[in-house]
Amino acid sequence: THTVFSGIQPSGGIHVGNLLGALRNWVSLQDQYPCYFCIVDYHAITVPYDPRELPQRVRDAVLVNVAAGLDPNRSVIFVQSQVPQHTELAWLFNCITPLGQLQRMTQFKDKARQHAEAVNAGLLNYPVLQAADILLYKADLVPVGEDQVQHIELTRDIARRFNSLFGPTFPEPEAYLAKGARIMALDDPTRKMSKSEPRGAIGMLDPPEVIREKVRSAVTDPGPAGAEMSPGVLNLFTLLELTAPADVVAHFRAAYSDGTIRYVELKQALADALVELVTPIQERYRELSARPGTVEEVLAAGGERARKVASQVLAEVRDRMGLPVWA
Ligand code: TYM
């Protein structure tokens, strides 16, 4: 059996990439295993952000996740800062993690370039906190998109190093990837769809007209004849495959092969499928938001369940590290 952990940053609108790359797997894994799903607010503050907006983003993240099918009765749904043991374990892990390994993380290098004027120590230590998130629950299965694989590898290294220094304590977690593990931005298919670039992303809460417009203007340069699909076209096919009925997908695959494909029609079909995908989730989201106290109820229960496990594991870790609770 397994224990599942995954997280999402409350740093802007959750998009279809998050859904197809991660959230969909979260929903199906909760039928099989104990699951922990965390809104990682301490990760979100490693880049410049607006403190007045953060609480609402956390609320929205909870509501969108529940609307998409996470079940607070089966899964432990909580916010990272509700459980102080995350940052405590992160400190302990910082003390067994080589600086050079953090400096080589590709996501750190990317973000350090993007936010060159404000690279703080939290951004460097980000993946150590992520390792603490996972290992605090001794989780061994981590459903994520492809961009998180390197962070999961670091988590394995930290677990292995801890175990060899202080005795067998942690499992070595594995990433669990979906078919949609890497959805690209519609306006620039060489970059991944991302919360910080909403123009190229289909937001889970985007109204249908916005979705249709974003799909209509998606990049579909054909690429050289006879060659592989261009990145933009490939991305549209990936999305179609994950959202549209099989006969629709087969129709456009055949049209692509015999060269009769019309991208206007492909985009029309994809927009229909995407609207159909998000509409019921948006309806659930509106129902849940209209009920006062939904977020508080989910988080009160989730926070308590998470803290119970977290405090036990942290006590074990401290003990092994020669840090008993003094008096
Ligand atoms: P975040 O908030 O960027 O994304 C949440 C999840 O969505 C996946 N994802 C994508 N999948 C496919 N295509 C895309 N374009 C795309 N964009 C995002 C991400 O891979 C992720 O699974 N560091 C993490 C949050 C985190 C975490 C953790 C995850 C913190 N602690 C512990 C797992 C375990 C992040 O920033 O995800």
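Domain bounds in what follows come from an automatic or database domain assignment. The structure is a predicted model, in which local features need pLDDT of at least 70 and side-chain atom pairs count only at pLDDT 80 or more, whereas totals for chains, interfaces and linings use all residues. Residues are numbered from 1 along each chain as its sequence is written, and side-chain values use heavy atoms, with hydrogens and water left out.

The protein is divided into domain 1 (4–182 + 292–320) and domain 2 (198–287), and the centres of these two domains, taken over C-alpha atoms, are separated by 30 Å. To the contact between them, defined by heavy atoms within 4.5 Å, domain 1 gives 14 residues and domain 2 gives 15 residues. Buried area, that is, the accessible area (1.4 Å probe) that two parts lose on being put together, summed over both, amounts to about 1,300 Å² between domain 1 and domain 2, with 72% of it given by carbon and sulfur atoms. Of the area that domain 1 buries against domain 2, 34% is supplied by Val 16, Ala 67 and Lys 179, more than by any other three residues.

A salt bridge was assigned where a side-chain nitrogen of Lys or Arg lies within 4 Å of a carboxyl oxygen of Asp or Glu. By this rule the count comes to 23 salt bridges, and 1 salt bridge is found across the interface of domain 1 and domain 2. Lys 179 forms a salt bridge with Glu 241, the closest N and O atoms of the pair being 3.1 Å apart. In the salt bridge between Lys 138 and Glu 316 the closest N and O atoms are 2.8 Å apart. This pair links distant parts of the chain, 178 residues apart, with Lys 138 in the loop between helix 7 and strand 4 (141–144) and Glu 316 in helix 13 (residues 294–320); helices (H or I, at least four residues) and strands (E, at least two) are DSSP runs, numbered from the N terminus.

Gln 82 is found in the loop between strand 3 (76–79) and helix 4 (85–94). Although Gln 82 and Leu 299 are 217 residues apart in sequence, their C-alpha atoms are 8.5 Å apart in space. When residues up to four places away in sequence are not counted, Gln 82 touches Leu 299, Ala 300, Gly 303 and Arg 307.

Grid points are joined across faces, edges and corners, and a volume is the space filled by probe spheres set on the points. The second largest pocket holds about 280 Å³ of space, and among its 18 lining residues Gly 12, Gly 13, Ile 14, Gly 203 and Leu 205 lie nearest its centre. Its lining draws at least three residues from each of domain 1 and domain 2, with the largest share, 4 residues, coming from helix 3 (residues 54–67).

Notes: 1 Å grid on protein atoms, 1.4 Å probe; cavity = no way out; pocket = protein on both sides within 12 Å on 5 of 7 lines; lining within 4 Å.
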